[in-house]
Amino acid sequence: MSPDILDGSMDIWFGPQHVSAHGWATKLTLVGDYIVECDPNAGYFHRSAEKVLEFKNFRQGPLVLERMCMLEAFLAEYPYVAAVEKIAELEIPERAKVMRTIMMEMSRIHSIQFWWGQFNAELGFFTMALWPWVDREYSLDVFEELTGSRHTVSFSTPGGVKYDFTEKVMTQLNRAIDRFEDRLVKFKDMQLGSPTFRARTENIGLYDVKQGLKWGLSGPPIKACGVPMDLRKDDPDPNLAYDMVDFDVPITENPEHPGQSDAFDRMEQRFAEAETAVSIIKQLIPQIPEGDIVDPKARGKANRLPEGEAYARVEGTRGITSVWLKTEEKGQTAYRAKIRGPCIASYYALKDLVPGSKFADFIVIFGSLDPYPGWWDR
Amino acid sequence: MGFFSVLGDCFQILKHTFRQVFKRPFTYFYPFEDRIYPERTRGRHIHVRENCTACAQCVRICPVVAIRMDKEDKMYEKDCALYFDYTRCIFCGLCVQACRFEALFHTPVVDLSEGDRDDLIYGPDKIETLDRDPLKWRGRRFR
C-alpha cells in the first residue's frame with residue numbers, strides 16, 4: 001500500500017458504546033468507504049476470571065465460568081467441572097451423563113436462537129430477530145423449570161449434576177423441542193430464501209480453510225468451510241453420552257466456492273447445528289436411565305484435590321472451549337487456571353479478514369462469526 | 001410470486017392480527033400482578049430458625065460473601081441470626097444445597113428492589129418471614 005493512499009484516510013473507533021459493537025472497540029482505517037486497516041482491541045470486558053478462579057473452591061468455580069458466556073452457560077461451565085473430575089478421578093453416574101448431554105445441546109440451541117435474533121437485528125431484519133426469540137423463551141422456560149434460573153443455570157457440579165429431571169421439566173423440554181423443530185423449517189425457508197438477506201451476505205467475509213485454521217478458528221466458522229472438525233466426534237468425552245446417539249457432524253459446502261465460507265454459509269451452518277442438536281436431544285430423551293444424579297462420594301473428594309494437571313475441552317456453540325487446571329497437594333482452590341474461549345480467535349481474525357471490504361459490511365462479517373465479548377476478555 | 005399470492009399473504013397476516021384482538025394480552029400488569037414462577041426458582045431466601053444449628057456451612061460456601069451470621073442472637077437452643085446482603089448475592093443456590101438441616105430455602109420472590117441500598121441487607125426480621133405490605137392501586141389490593 002503506497003503511503004499516498006493513506007493520506008486521505010480516516011480513523012474510526014467502532015465501539016465500545018455502539019450497540020452492535022458487543023462491548024468491544026475496533027480501530028478502523030477508512031479510505032472512502034473501504035476499510036484498509038483493522039486493529040482489534042480486546043480488554044474492555046476484562047474481569048480477571050482466571051485470577052478469581054484461584055480464590056474459589058471447586059464447587060464455586062463453575063459459577064465463575066458460566067458468567068463468561070451467559071448464552072451457553074452450561075457449555076461454559078462444563079470444561080472446568082470436567083477438569084476437576086479428571087484430577088479427582090470421580091465416577092459419574094450414567095443418568096448424569098445423559099442429563100448433561102441434553103442440557104449441553106439445549107444450551108447450544110438457546111445460544112443459536114439468540115444469535116439469529118442478534119445477527120438479523122444488526123442487518124436490519126427485525127422480523128427474523130424477534131421470531132427466534134419467541135422460541136428462545138421456551139428454551140429459557142426449560143432452564144428455569146429445571147434449575148430455577150433462566151441464564152446462570154449453575155447445573156453441573158463435580159461428580160454429577162445438581163437438579164433432577166422432573167415430569168414437568170420433561171414436559172417443558174418436549175414442548176420446547178417439538179415447537180422449535182417445527183418452526184426451524186419455516187425459519188430456514190424464510191431466512192435463506194430471502195433475496196435481501198442473500199444480497200447482503202453472499203460473498204461477504206470470504207475465507208478458506210487454510211486461513212481459518214491459521215487464525216485458530218474452530219466450531220461453526222470452520223465447519224462452514226466444509227471441514228468436519230467437531231470434538232463431539234473427534235474426541236468424545238467419556239463423561240458425556242455422545243456415544244449413545246447417532247449423528248453426523250454438520251457441515252456446509254457451497255458449490256460456488258468450495259472450501260471457502262462467506263457470511264451466508266455461516267448462517268446456513270447455524271441451521272445445520274440446530275438441526276443436529278434437536279436430533280441429539282430427541283434421541284437421548286427416551287434413553288435417560290434411572291439412578292443417582294450425583295456420585296455420593298464426590299462432595300468429599302472435590303473438597304481437596306490431589307496434586308495434578310488436567311485439560312478439558314468441549315465443542316461449544318462458537319468453537320472449542322477449554323480449561324487447563326493445575327492443583328497443588330490437598331489444594332482447596334486451583335493453583336492456576338487457564339481458560340481458552342473460542343471468540344478470541346475469531347476476533348483477531350478480523351485483522352486479516354476485514355481489510356478490503358466496505359465499512360457497511362464490517363458488521364456483517366463480524367456478526368457472522370458469532371461474537372461474545374465475555375469469551376475474549378477473561 | 002404473483003399479485004394474488006402476495007394478496008393472499010396480506011390476508012393471512014390480517015387474519016392473524018384480527019385474531020389477536022380477542023385474545024388475552026401476553027403482558028402482565030406488573031408489579032400488581034405477576035406470572036407464576038416455577039417451584040425451583042432461586043429467589044430471595046427464607047431462614048427457618050427452628051431448624052438452624054449455626055453450623056455456618058452456608059457462610060463458608062457462599063462465593064460472594066453475602067451471608068453474615070450473628071451467633072449471639074439466639075431464639076432457640078442452637079440457632080443464630082443470618083444477615084443476607086442482596087447487593088452481593090448472585091442467587092447461585094450453593095447455600096441452600098449446603099444446608100443439611102432444612103433451615104434455608106429459596107422462595108419464588110424475585111422482586112427485591114428497594115429505595116435505599118441499606119434496605120437490601122435483610123436482617124433476621126426480614127429473612128425469616130415472607131410477609132410484606134400488600135400492593136394497592138386505585139383502592140384495589142393486589143398480590
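**Entry 1, the interface.** I began with the area that chain A and chain B bury between them, which comes to about 1500 Å², with 42% of it on carbon and sulfur atoms. I note here that the model is a predicted one. I then looked up the residues in contact, and found 22 residues of chain A against 15 residues of chain B.

**Entry 2, polar links between the chains.** I looked up the residue pairs in polar contact between chain A and chain B, both residues at pLDDT 80 or more, and the count is 11. In the side of chain A that touches chain B, α6(A) has the largest share, with four residues. I sorted that side of chain A by class and got nine charged, eight polar and five nonpolar residues.

Glu144(A) and Arg35(B) form a salt bridge, and their closest N and O atoms are 2.8 Å apart.

I turned next to open spaces. The largest pocket has a volume of about 860 Å³. Its lining takes in 22 residues, and those that lie nearest the centre are Glu137(A), Tyr138(A), Asp141(A), Arg175(A) and Phe26(B). Which elements give two or more residues to this lining? I noted α6 (126–147) and α7 (167–193) of chain A, together with α1 (3–21) of chain B. The element that gives the most is α6(A), with six residues. By class I wrote down 12 charged, seven nonpolar and three polar residues for the lining of the largest pocket.

I looked up the volume of the second largest pocket and found about 660 Å³. This pocket is lined by 15 residues. Nearest its centre lie Trp131(A), Arg183(A) and Met190(A) from chain A, with Ile13(B) and His16(B) from chain B. At least two lining residues each come from α6 and α7 of chain A and from α1 of chain B. The lining of the second largest pocket divides into seven charged, five nonpolar and three polar residues.

I went on to the cavities. The count is six cavities of 30 Å³ or more. In the largest cavity there is about 110 Å³ of space. I listed 16 residues in its lining, with Cys52(B), Cys55(B), Cys58(B), Cys99(B) and Ala103(B) nearest the centre. How many of the lining residues of the largest cavity are nonpolar, polar or charged? I read off 12 nonpolar, four polar and no charged residues.

**Entry 7, the second largest cavity.** The second largest cavity holds about 90 Å³ of space. Its lining has 14 residues, and nearest the centre I found Cys62(B), Cys89(B), Phe91(B), Cys92(B) and Cys95(B). By class, 11 of the lining residues of this cavity are nonpolar, three are polar and none is charged.

The lining of the largest pocket has 12 charged residues, whereas the lining of the largest cavity has no charged residues.

Terms used
Residues numbered from 1 in each chain as written. Chains lettered and ligands numbered in written order. Predicted model: local features only at pLDDT ≥ 70, side-chain atom pairs only at ≥ 80, totals over all residues. Heavy atoms only, no water. 1 Å grid on protein atoms, 1.4 Å probe; cavity = no way out; pocket = protein on both sides within 12 Å on 5 of 7 lines; lining within 4 Å. Points joined across faces, edges and corners; volume = space filled by probe spheres on them. Nonpolar A, V, L, I, M, F, W, Y, C, P; charged D, E, K, R; others polar. Contact = heavy atoms within 4.5 Å. Buried area = accessible area lost by both parts, 1.4 Å probe. Salt bridge = Lys/Arg side-chain N within 4 Å of Asp/Glu carboxyl O. Polar contact = N/O pair within 3.5 Å; in protein donor to acceptor, adjacent residues only side chain to side chain.
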